Amino acid sequence: DSIYASLGLKNGDKVKVMAMFTINEEGKATNIKAKGPYPIFEQEAIKIIENLPQIPLKNENGISKSMNFALPITFVIE
């Protein structure tokens with residue numbers, strides 16, 4: 001019996017998680033939080049954001065700065 005079945009999920013079901021995070025001056029994701037209906041999917045969303053490559057952000061003057069992001073992540077049960 002799969003963990004998904006124990007949650008009442010079946011093939012084709014979708015689980016949406018909202019990941020919120022900051023890309024800091026070095027281009028790394030920090031302050032990662034996730035909000036969704038099941039903790040296991042929140043944990044997976046956090047892992048996805050933690051594994052993002054560095055994303056350097058520059059303002060119009062070419063100065064590195066941090067920015068906040070919210071990213072919806074949809075998991076499809078297979």
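A salt bridge is a side-chain nitrogen of Lys or Arg within 4 Å of a carboxyl oxygen of Asp or Glu. The structure holds two salt bridges. This is a predicted model, in which local features need pLDDT of at least 70 and side-chain atom pairs count only at pLDDT 80 or more, while totals for chains, interfaces and linings use all residues. Residues are numbered from 1 along each chain as its sequence is written, and side-chain values use heavy atoms, with hydrogens and water left out.

**View 1. The salt bridges of D13 with K10 and of E44 with K47.** The side chains of D13 and K10 meet at 3.5 Å, N to O. K10 is exposed, with a relative accessible area of 56% (buried means under 20% relative accessible area, exposed over 50% and partly exposed in between, with a 1.4 Å probe and protein chains only). In the bridge between E44 and K47, the closest N and O atoms are 3.2 Å apart. These two residues are three residues apart in helix α2, so about one helical turn separates them (helices, H or I with at least four residues, and strands, E with at least two, are DSSP runs numbered from the N terminus). E44 is partly exposed at 33%, and K47 is partly exposed at 42%.

**View 2. The largest nonpolar core, with 14 residues.** A nonpolar core is a set of buried Ala, Val, Leu, Ile, Met, Phe, Trp, Tyr and Cys residues joined through side-chain atoms within 4.5 Å. The residues with the most contacts inside this core are V15, V17, F41, A45, I73 and F75. At least two core residues come from each of β1 (14–23), α2 (39–50) and β3 (67–76). β1 gives the most, with five residues. Leaving out residues up to four places away in sequence, A45 touches V17, A34, I73 and F75 (contact means heavy atoms within 4.5 Å). In soluble globular proteins, nonpolar side chains tend to be buried together.

**View 3. The aromatic cluster of Y4, Y38, F41 and F75.** Rings of Phe, Tyr and Trp (its six-membered ring) pair if their centres lie within 6.5 Å; planes under 30 degrees apart count as stacked, over 60 as edge-to-face and the rest as tilted. A search of the whole structure finds four aromatic pairs. F41 and F75 are a tilted pair because their ring centres are 5.3 Å apart and their planes are at 50 degrees. F41 lies in helix α2 and F75 in strand β3, so this pair ties together parts that are 34 residues apart in sequence. Both F41 and F75 are buried.

**View 4. The hairpin of β1 and β2.** Two strands pair if DSSP finds at least two bridges between them. β1 and β2 run antiparallel and are joined by five bridges. M20 stands opposite K33 in β2. Five residues lie between the two strands, and G27 in the turn has a positive phi of about 85 degrees.

**View 5. T22 in strand β1 and N24 in the loop between β1 and β2 (29–35).** T22 is buried, with a relative accessible area of 11%. Its side chain makes a polar contact of 2.6 Å with the side chain of N68 (a polar contact is a pair of N or O atoms within 3.5 Å; within protein, one must be able to donate a hydrogen and the other to accept it, and residues adjacent in sequence count only if both atoms are side-chain atoms). N24 is buried at 13% relative accessibility. Leaving aside neighbours within four places in sequence, N24 is in contact with T30, K65 and S66.
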